[in-house]
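Please find below a colleague's note on the model under review. The sequence and structure are shown before the comments.

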Amino acid sequence: MALFEPDSTKCPLCGCVVSESDDIIGFTFLGSYDPLIQPLDDSVVHRTCLSRWKDRDAFVQAWNRAAGATQFGRNRQLTVDETGQVRYYPEKTLVEAANAKKPWWRFW
């Protein structure tokens with residue numbers, strides 16, 4: 001996952017600062033040369049920005065193709081739900097989320 005510093009990291013889609021309380025989605029570094037993936041490679045974005053992005057569907061397909069070729073992406077793919085929100089599938093269950101001792105960005 002991308003390194004994330006709350007209240008300092010900027011969303012690459014809107015340019016606004018991302019806070020700890022925002023609904024975000026993070027992407028690991030793939031090192032892809034795909035121009036759709038490069039702006040979001042190793043980044044954290046607001047889920048609403050990604051979900052409303054005009055290139056959302058093409059990005060999801062490109063990301064899944066590139067990530068699927070890695071160990072990271074074999075078990076987790078991006079999906080677009082019925083409301084248009086981009087999510088990882090499978091998502092963490094509520095039990096897994098409740099048992100997390102700290103947010104993923106605080107491990108560094």
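1. Confidence. The model is predicted. Its mean pLDDT is 83, and 79% of the residues reach 70 or more. Helix 1 (residues 47-52) has the highest confidence, at a mean of 95, whereas helix 3 (residues 94-99) has the lowest, at 49. Where pLDDT is low, the predicted coordinates should not be read in detail.

2. Nonpolar core. The largest nonpolar core comprises 21 residues, and those touching the most other members are I25, F27, L50, F59, W63 and L78. At least two residues of this core come from each of strand 1 (24-26), strand 2 (44-46), helix 2 and strand 4 (86-89). Helix 2 makes the greatest contribution to this core, with 5 residues.

3. Aromatic pairs. The whole structure holds 5 aromatic pairs. One of them joins F27 and F59 in an edge-to-face arrangement, with 5.4 Å from centre to centre and 85° between the planes. This pair connects distant parts of the chain, 32 residues apart: F27 lies in the loop between strand 1 and strand 2, and F59 lies in helix 2. F27 and F59 are both buried.

4. Aromatic cluster. Through ring pairs, F27, W53, F59, W63 and Y88 are linked into a cluster.

5. Residue A67. Is A67 buried or exposed? A67 counts as buried because its relative accessibility is 0%, which falls under the 20% cut-off. A67 belongs to helix 2 (residues 56-68). The C-alpha atoms of A67 and T28 are 9.0 Å apart in space, while the two residues are 39 residues apart in sequence.

Methods:
Residues are numbered from 1 along each chain as its sequence is written. This is a predicted model: local features need pLDDT of at least 70, side-chain atom pairs count only at pLDDT 80 or more; totals for chains, interfaces and linings use all residues. Side-chain values use heavy atoms; hydrogens and water are left out. Helices (H or I, at least four residues) and strands (E, at least two) are DSSP runs, numbered from the N terminus. Buried means under 20% relative accessible area, exposed over 50%, partly exposed in between (1.4 Å probe, protein chains only). pLDDT is the predictor's confidence in each residue, from 0 to 100. A nonpolar core is a set of buried Ala, Val, Leu, Ile, Met, Phe, Trp, Tyr and Cys residues joined through side-chain atoms within 4.5 Å. Rings of Phe, Tyr and Trp (its six-membered ring) pair if their centres lie within 6.5 Å; planes under 30 degrees apart count as stacked, over 60 as edge-to-face and the rest as tilted.
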